[in-house]
Amino acid sequence: MSHVAHELGTQPACWERAAELAPEHRAVLPRPGERTAIVGCGTSYYMAQAAAVLREEAGQGETDAFPASEFPRHRRYDRVIALTRSGTTTEVLDLLAGLREAGTPTTAVIGDPATPVITLADALVVLDFADEQSVVQTRFATTALTLLRAHVGLHTPSVVADARAALAEPLPAELETRGQFTFLGRGWSVGLADEAALKMREAALAWAESYPAMEYRHGPISVSAPGTATWSLGEAPEGLAEQVRGTGAQWVAGHLDPLAELVRVHRLAIAVASHRGLDPDAPRNLTRSVILTAGEEAVR
C-alpha cells in the first residue's frame, strides 16, 4: 500500500481528534469579529479558501484567503493564520517574518513542529498526528480544515460518519478510465473542488479542472463529452446534472458532506494512478515542500 493510500484512510480518526482539540486552541485562533486572513501554498491555500468562506458563513467576521506569495502586505488584519504541513515552505516563512516586523499577530497550523516556522509565528497549533510521509497531501489538509471548521461551530459527528462512508463505498463504475475530470463546488466547497482537481493532477497526472458550479455553464461545459466526468462536491444547481449528461459526460452527484466527498476524490486519484501504472508516492516534478534558494527568490 502506498503512503498516500494509507494516510487518506486515516482521515476520519484525524478529524475527530482535531475537533476535540479545537477548544484548547481558541485563544490563538480567530476570535469573533477579528478581521482575519488565512494563507497557505498549494493544497493549504485551497483549504484556506474553504475555511475563509466557512468563517464568514458562521458570522464570525470578514475573512480572506491568499496564497502566501500573493498576500497583500499593505492590508491590515487582526490575525493571520498560516496553514503549513512542513513548516519549511519559503513563501510562508518569508510572509511570517514580514508580519512579525509589522506587528500582525500570527498563528501557524503545522504538521511538523521541528521546523523553522516555530521561530516566526506568534502561536502554533501542532497537528503532528496528521503529518504525512507522502508528497501528496490528504489528511493534514483536511484535518487542518476540520480544526478551523470546528472552531466556528460547523463541524458535527455526521461529517466523520460521512468520511467513513466515503472510504467504504465503491467508486462509480469505470470512473477511473475517464480521460478528463471536472470538479464543481458552491460556497465553501469551491476551494474543495480546486483541491480535488489538484489531487488528480498530482497523483494521477490527469487532465482535471475545477469551477464554481454556476460558472461551469459559462464556457467550461464545452469540454465535457463522452469519456469525461463531472463531479459535484455538494448540492448542484437545478438542471445541471441533466445538462452534463446531455454532453455524454459521466455525472457524479455528491451525496456526502463536501469534505467527505473530497475523500472520495482522494480514492479516485489513487485508482486513476493505478489504472495508468503510476506511483502516487512519486508525483512528477514535485517535492514535499518548496524551498527556494537565494537565487531563485531573487527572480521571483
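Trainee: In β4, what is the bridge partner of I81?

Mentor: T107 is the bridge partner of I81 in β4. Keep in mind that we're looking at a predicted model.

Trainee: What makes β3 and β4 a pair?

Mentor: Pairing takes at least two bridges between the strands. Strand β3 (residues 79–84) and β4 are joined by 5 bridges and run parallel, so they pair under that rule.

Trainee: And how do you know that β4 pairs with β5?

Mentor: Run the count again: 4 bridges join strand β4 (residues 106–110) to β5, and the cut-off is at least two. T107 turns up here as well, with A123 as its bridge partner in β5.

Trainee: Which sheet do these strands belong to, and in what order do its strands come?

Mentor: An open sheet of 5 strands, ordered β2-β1-β3-β4-β5, with parallel pairing. β2 (63–67) and β5 are its edge strands, each pairing on one side only. From one strand to the next, the twist averages 20°.

Trainee: Which helices pack on that sheet?

Mentor: Helix α3 (residues 43–57) lies across β1 (36–40), β2 and β3, at about 175° to β2. α5 touches β1, β3, β4 and β5, and its direction makes about 135° with that of β4.

Trainee: Why is T138 called buried?

Mentor: T138 has a relative accessible area of 2%, and buried means under 20%, so T138 qualifies. T138 sits in the loop between β5 and α5. Its contacts beyond four places in sequence include V4, E7, L8 and H266.

Trainee: What makes A102 exposed?

Mentor: The cut-off for exposed is over 50%, and A102 comes in at 51%, so A102 counts as exposed. A102 is found in helix α4 (residues 90–102).

Trainee: How many disulfides does a search of the whole structure find?

Mentor: The search finds 0 disulfides. To count, a pair of cysteine sulfur atoms has to be within 2.5 Å.

Trainee: In the open sheet of 4 strands, what is the order?

Mentor: The order is β7-β6-β8-β9, and the pairing is parallel. β7 (207–212) and β9 (250–253) each have a single partner strand, so one side of each is left without a neighbour in the sheet.

Trainee: How do you know that β6 and β8 pair?

Mentor: 5 bridges join strand β6 (residues 180–185) to strand β8 (residues 228–232), and at least two are needed. T182 stands opposite T230 in β8. α10 packs on this sheet, touching β6, β8 and β9.

Note on methods:
Residues numbered from 1 in each chain as written. Predicted model: local features only at pLDDT ≥ 70, side-chain atom pairs only at ≥ 80, totals over all residues. Heavy atoms only, no water. Helix = DSSP H or I, 4+ residues; strand = E, 2+ residues; numbered from the N terminus. Buried < 20%, exposed > 50% of the residue type's maximum accessible area, 1.4 Å probe, protein only. Contact = heavy atoms within 4.5 Å. Axes fitted to C-alpha atoms, helices over the stretch in contact; angles between N-to-C directions.
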